[in-house]
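Me: Got a model open here. Can you walk me through it?

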Amino acid sequence: MKLVILFGDAAVGKMTVGQELMKITDLRLFHNHMTIEPILEIFGYFNGSAVRKFREIIFEEFAKSNSYGIIFTCMWALDMQSDWDYIEHIKNIFKGADIYYAELYAPQEIRLKRNKTENRLNNKPSKRNIKFSEEILIKDDKEHRFVSYDGEIPFENYIKIDNSNLSPNETAKIIKEKFNL
């Protein structure tokens, strides 16, 4: 079993790169909005507890399966111990799996443009209010750090990619080759 944790800032391209990585490997994609969007639809607001429980079920059941592996996309606030703890929790669910960490980063100007792409808006209804989505992206950038410092991520199977000028397919190929997926 393989687990690829694909993380980075808002609108950096995690889901789109994950989609491309799924096409060129036997990995399945579990992007973070696959749990966020249904919870928003049901509750009418973001219920973090429900999102976490929903994800937990997916992780636990997938970890028990005979599948090749899964790509999980997330934002990881590197300045928050609780986010480090959550990553550790996910690792514990996938005990015995090969775990890989792929970090994507790009400047805010590029991410604001990507925030409006058709693929993003089709897969993430909560992002269709562009003005609100941009405000959240900018607010998150001010309040937390989603790009690692050099040497901060201590894991052996780790890559950091500036995907500012790379297509999602090019980025996915880099990840695939780096980890031999």
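Me: At what angle do helix 3 and helix 4 pack?
Reply: About 30°, with the axes of helix 3 (residues 48–64) and helix 4 (residues 81–93) 9 Å apart. Axes are lines fitted to C-alpha atoms, for helices over the stretch in contact, and angles run from 0 to 180 degrees between N-to-C directions. Helices (H or I, at least four residues) and strands (E, at least two) are DSSP runs, numbered from the N terminus.
Reply: The model is predicted: local features need pLDDT of at least 70, side-chain atom pairs pLDDT 80 or more, while totals for chains, interfaces and linings use all residues. Residues count from 1 along each chain as its sequence is written, and side-chain values use heavy atoms, without hydrogens and water.

Me: Which residues meet there?
Reply: Arg55, Glu56, Phe59, Glu60 and Ala63 of helix 3 meet Tyr86, His89, Ile90 and Ile93 of helix 4.

Me: New topic. What is the strand order in the open sheet?
Reply: 2-3-1-4-5, five strands with parallel pairing. Two strands pair if DSSP finds at least two bridges between them.

Me: Which strands stand at the edges?
Reply: Strand 2 (28–30) and strand 5 (158–162). Each has a single partner strand, so one side of each lacks a neighbour in the sheet. The twist averages 20° from one strand to the next.

Me: How many bridges join strand 1 to strand 3?
Reply: Six, between residues 2–8 and residues 69–74. Ile5 stands opposite Phe72 in strand 3.

Me: What is Leu112 in contact with?
Reply: Leaving aside neighbours within four places in sequence, Glu134, Leu137 and Ile138. Contact means heavy atoms within 4.5 Å.
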